[in-house]
Amino acid sequence: MTARPDARSAAWEALRGVAAGKGDAEPLLRKLLAGSDLPPVERRLAFELTLGTLRKRGCLDYGLERYLTRPLRELHPDLRELLRLGAYQLLELDRVPAYAAVDRTVELARNFSTTRKAAGLVNAILRRLSEGRPEPPDREADPVGHLTVTGSHPRWLVKRWLERYGFDETARLCAVDNEPPETFVFLNPFRATGEDFLKIVPGAEAVEGFPGCYRLARGADLTSRWAYAQGKVYAADPATALAAMALDPRPGEIILDACSAPGGKLFHLHRLAGLGLKTVALDISPRRCAVLAENINRLGLPAAAVVGNLKLPPFAGRSFDKILLDAPCSNTGELRRRVEARWRRRPEDIKALARLQLDLLTSASRLVKSGGLLAYSTCSLEPEENEGVVGRFLGGRGDFRRVPAAAGLDDDLRGRFGDAGGDIRALPHRTGTDGAFVALVRRVR
Ligand SMILES: C[S@@+](CC[C@H](N)C(=O)[O-])C[C@H]1O[C@@H](n2cnc3c(N)ncnc32)[C@H](O)[C@@H]1O
């Protein structure tokens, strides 16, 4: 990065970082901007350029490849990301005049060693693109191609969703993933009251059906505020509360949060049951467990964080009243928040994840007491990772029985999130929340 970065050079550096596998865009950019004196307006532009370029990659690449003589994947990654950044400004940002978008991108190319020689190419391609947006594939003749471009999602995912939801719903789902998501927080009842909170964050709106949950005004950045540092709130989408709600935790019970880090669902369990509930928070990743321990401490939860593998659990069999298994998944219900995830995932990941999820569910089941409940949840929309896993788990065994997870929700929430089979299912384009799936099973012997 240059000594005094501007929004565009910072965005480009973050995009190069993502392409090089250095991490996710948002934390990378936060780190890059941490010590800089970039004014707030430029800071906001840097985020918009980085996240927007990632979200709209599908339609940007389509536009660029119309004028390139080689596929984008054959270009140097730095050049590829720079062309995408320039194309985003041309095609998606009304407030940046085309000449400025082209000139600033060419200037960036000239000032960087890996792209210097390609400055002429950048100029030529972006100028052609500035003359007009190429027409996407025809909606009737090639609906998958049409939505891949206009909805900016990988082809394999569009194909899956089209078969499941049809054209209009898939278009809406893609559109939701391309919007900057709203920020929600849950009040920590152990550290703050509602009045307290509204004084700290004016303009926050209570979210219907989720007591203690507030929608923040657009652009409000809570993480930098003392309310967050002091554990008065936890930032999370309303849908993240559904698994804990279905499990109906009670004081006096002992619950295992089996894949716990960073602790969002653990917080919901205690928020609902109070401090009289005992929880053990297990996670395999020492790095994520450190964040979990920090959250437990900040939020004042009476939980024990344990680093360990659920497949080889450091607990005796049948020792928990209830278990919450929030399994690792493809995250296809959270693509609006995880902007790079759609491009990282591969179709074969779904099968591999489903295998892992079934193994984890089987291991977790050994730890539930007789009569106890096990909630299985993901933020995936894919049936193989959701009802597919639960169906395979239950197939042929008589010691566990399915219980309708939505039955524990109030009438309004059951209407919004209960599906025909009794499971809980949140779909971003229908429920206005992140995607989520929750199924409940009970040990009957
Ligand atoms: C979806 S995340 C959990 C999110 C968390 N429940 C929350 O609400 O904040 C899945 C977690 O499972 C953990 N994990 C993956 N395999 C595991 C295993 N074999 N045993 C325990 N934890 C595992 C990952 O490290 C990751 O933190």
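Let's start with contacts: among those in the protein between residues at least 6 apart in sequence, 69% join residues at least 24 apart. Two residues are in contact here if their C-beta atoms, placed from the backbone, lie within 7 Å. Please keep in mind that this is a predicted model, where local features need pLDDT of at least 70 and side-chain atom pairs count only at pLDDT 80 or more, while totals for chains, interfaces and linings use all residues. Residues are numbered from 1 along each chain as its sequence is written.

Now the overall picture. The C-alpha atoms fill a box of roughly 70 × 50 × 40 Å, taken along the principal axes. For 445 residues, a compact globule would have a radius of gyration near 22 Å, and the protein has 23 Å, which agrees. That radius is taken over C-alpha atoms, and the globule rule is 2.2 Å times the number of residues to the power 0.38. Buried residues make up 45% of the 445. A residue is buried if 20 or more other C-beta atoms lie within 10 Å of its own, exposed if 12 or fewer, and partly exposed in between, with C-beta atoms placed from the backbone.

There are 19 helices and 12 strands. Both are DSSP runs numbered from the N terminus: helices are H or I with at least four residues, strands are E with at least two.

On to the domains. The assignment gives domain 1 (7-130), domain 2 (143-177), domain 3 (184-235) and domain 4 (238-443); such bounds come from an automatic or database domain assignment. Between domain 2 and domain 4, the C-alpha centres lie 27 Å apart. Their contact takes 9 residues from domain 2 and 8 residues from domain 4. On the domain 2 side, the residues that touch domain 4 divide into 5 nonpolar, 1 polar and 3 charged. For those classes, Ala, Val, Leu, Ile, Met, Phe, Trp, Tyr, Cys and Pro count as nonpolar, Asp, Glu, Lys and Arg as charged, and the others, Gly among them, as polar.

Next, a sheet that I enjoy looking at. What is the order of the 4 strands in this open sheet? The order is 2-3-1-4, and the pairing is antiparallel. Strand 2 (205-206) and strand 4 (233-235) stand at the edges, each with a single partner strand, so one side of each is left without a neighbour in the sheet. We say that two strands pair if DSSP finds at least two bridges between them.

Let's stay with strand 1, residues 184-187. Strand 1 is joined to strand 3 (residues 213-215) by 3 bridges, with Phe184 partnered by Arg215 and Val185 opposite Tyr214. Strand 1 also pairs with strand 4 over 3 bridges, again antiparallel, and there Val185 stands opposite Ala235. In a regular strand the side chains alternate between the two faces of the sheet. In strand 1 both faces are covered: Phe184 and Phe186 on one side, Val185 and Leu187 on the other, are all buried.

Further along the chain, look at strand 12, residues 436-443. How many of its 8 residues are buried? The count is 6, so to speak a mostly covered strand. Strand 9 (residues 368-378) pairs with strand 12 in the antiparallel sense over 6 bridges, and Thr378 has Phe437 as its bridge partner. Strand 10 (residues 400-403) is joined to strand 12 by 4 bridges, also antiparallel, with Arg401 partnered by Arg442.

Last, some backbone details. Most residues other than glycine have a negative phi, and most peptide bonds are trans. Ala261 and Pro262 are joined by a cis peptide bond, with omega about 5°, and Pro262 lies in the loop between strand 5 (254-257) and helix 13. Asp248 has a positive phi of about 50° although it is not a glycine. Asp248 sits in the loop between helix 12 (242-247) and strand 5, and is partly exposed, with 17 other C-beta atoms within 10 Å. Arg318 also has a positive phi, near 50°. Its place is in the loop between strand 7 (303-307) and strand 8 (320-326), and Arg318 is partly exposed, with 13 other C-beta atoms within 10 Å.
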